[in-house]
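Please view the sequence and the structure first.

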Amino acid sequence: MPVYRCAACGLVGEGTKAPAGSRIPCAKCAASCVLFATPFYVEKLTERYLAARRELETLKVALTNPAEEASPDKTSAVATSPQLDELHNSNQLATEEQHRPLTDWFKARQIKVSHDLHAVDTTGFFDEAAREIGDHQHALSALMDQICFAYRKEINWLEVDLGRYDPLVRQEVVGFCRELYSHTLFAKYKYNNQAKILSLGIQPAKAVRAFFTGGWLEWYALTTLLTMCMQRGREFSCARGSIVSLQNAETRELDVAVLVSGRTLLVIECKTGEFRGEIEKYVQLRKRLGIDSTQFIICSPDLEEQAATGLSAMYGLTFVNLASLRTHLAVFM
């Protein structure tokens with residue numbers, strides 16, 4: 001019988017007739033919880049226990065022999081991974097060495113993979129801008145829709161009437177646009193405070209276009225997961241936009257792929273537009289990768305919670321929105 005652990009109150013409970021990968025309300029606090037197959041859940045608990053025991057043994061050695069230096073092959077995951085304050089504005093992730101554990105995971109399963117190292121280089125401003133968009137989605141979603149529309153229609157100048165916005169929301173939108181203009185993500189910026197009209201010059205650069213039309217969600221999902229790994233001392237290997245080669249010369253792109261603690265592969269496909277016609281493709285890809293349904297995640301900001309639960313139960317994948325992404329990822333930490 002599937003089990004769950006409530007992220008809100010900590011209750012561990014059993015599902016009823018619902019399959020693994022679906023969501024049910026917590027029996028204690030009614031918060032939405034993901035059901036996991038019992039063997040999978042026990043495996044993760046065992047991994048966490050063994051990792052904690054290894055860390056404890058390392059601490060015991062350090063206290064017993066404080067002068068002894070750790071050898072390179074015994075360095076802890078916390079010491080070898082980038083520090084939390086180094087996640088942004090850093091090229092530490094954009095190396096062959098950082099990608100190697102991920103490459104080896106695919107190689108062990110006879111799957112060819114190629115990585116774009118630059119895709120996880122955070123020395124630019126894309127990751128920080130993505131964090132702003134994701135954390136303030138309630139205020140910025142309408143503006144983002146207008147920006148995407150402008151790119152689709154090749155419009156280079158956008159005027160946004162903020163007169164009907166709540167004053168606090170209007171302040172967030174103006175501050176966001178001013179900051180992105182300072183980082184060149186907008187070609188021009190002007191705000192008429194009296195008329196409450198925001199004018200934006202659309203940046204034609206290819207990288208910026210890709211960011212606004214979907215790339216921001218990849219950055220948001222990646223940095224959310226990596227931040228959680230760093231906060232909990234989990235070792236990781238990550239990539240964006242990796243290309244895997246399957247049978248019959250077919251290739252698939254993985255929006256975000258992160259190997260946690262050297263064993264658990266998490267794949268996050270990020271969808272800011274229509275994705276329903278691609279579901280079967282992802283079902284087959286998950287099977288080829290040989291990972292649990294909870295490890296293959298479809299993240300769509302506009303997906304309602306009820307719809308996400310239903311789709312997860314129907315297709316053997318995990319569907320989330322921005323609000324439930326972090327809750328789901330916490331299970332693997």
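The buried residues of α5 pack against α4, β6 (157-161), α6 (167-182), β7 (186-192), β8 (197-202) and α7. Helices (H or I, at least four residues) and strands (E, at least two) are DSSP runs, numbered from the N terminus. Contact means heavy atoms within 4.5 Å. The buried set in α5 is Ala139, Leu140, Leu143, Met144, Ile147, Cys148, Ala150 and Tyr151. Buried means under 20% relative accessible area, exposed over 50%, and partly exposed in between (1.4 Å probe, protein chains only).

The model is predicted: local features need pLDDT of at least 70, side-chain atom pairs count only at pLDDT 80 or more, and totals for chains, interfaces and linings use all residues. Residues are numbered from 1 along each chain as its sequence is written, and side-chain values use heavy atoms, with hydrogens and water left out.

**Helix α5**

α5 has 16 residues. From first C-alpha to last it reaches 21 Å, close to the 22 Å expected at 1.5 Å a residue; the expected span is 1.5 Å times one less than the number of residues. α5 bends by about 25° at leucine 143. That bend is the angle between axes fitted to the seven residues ending there and the seven starting there. Glutamate 154 follows α5, with a positive phi near 60°.

**Helix α4 and its two partners**

Axes are lines fitted to C-alpha atoms, for helices over the stretch in contact, and angles run from 0 to 180 degrees between N-to-C directions.

| Pair | Angle | Axis distance |
|---|---|---|
| α4 (residues 126-135) and α7 (residues 206-231) | about 80° | 8 Å apart |
| α4 and α5 (residues 137-152) | roughly 105° | within 6 Å |

α4 is therefore roughly perpendicular to α7, and α4 is also roughly perpendicular to α5. The cut-offs are under 35 degrees for roughly parallel, over 145 for roughly antiparallel, 65 to 115 for roughly perpendicular, and oblique for the rest.

On the α7 side, α4 residues including Phe126, Ala130 and Ile133 meet α7 residues including Phe211, Trp216 and Tyr220. By class, this contact has 10 nonpolar, three polar and three charged residues. Ala, Val, Leu, Ile, Met, Phe, Trp, Tyr, Cys and Pro count as nonpolar, Asp, Glu, Lys and Arg as charged, and the others, Gly among them, as polar.

On the α5 side, Glu132, Ile133, Gly134 and Asp135 in α4 meet Gln137, Leu140 and Met144 in α5. That contact has three nonpolar, two polar and two charged residues.

**Histidine 88**

Histidine 88 is in the loop between α2 (77-80) and α3 (96-108). At 30% relative accessibility, histidine 88 counts as partly exposed. Beyond its neighbours within four places in sequence, histidine 88 is in contact with Thr122, Asp127, Glu128 and Thr223.
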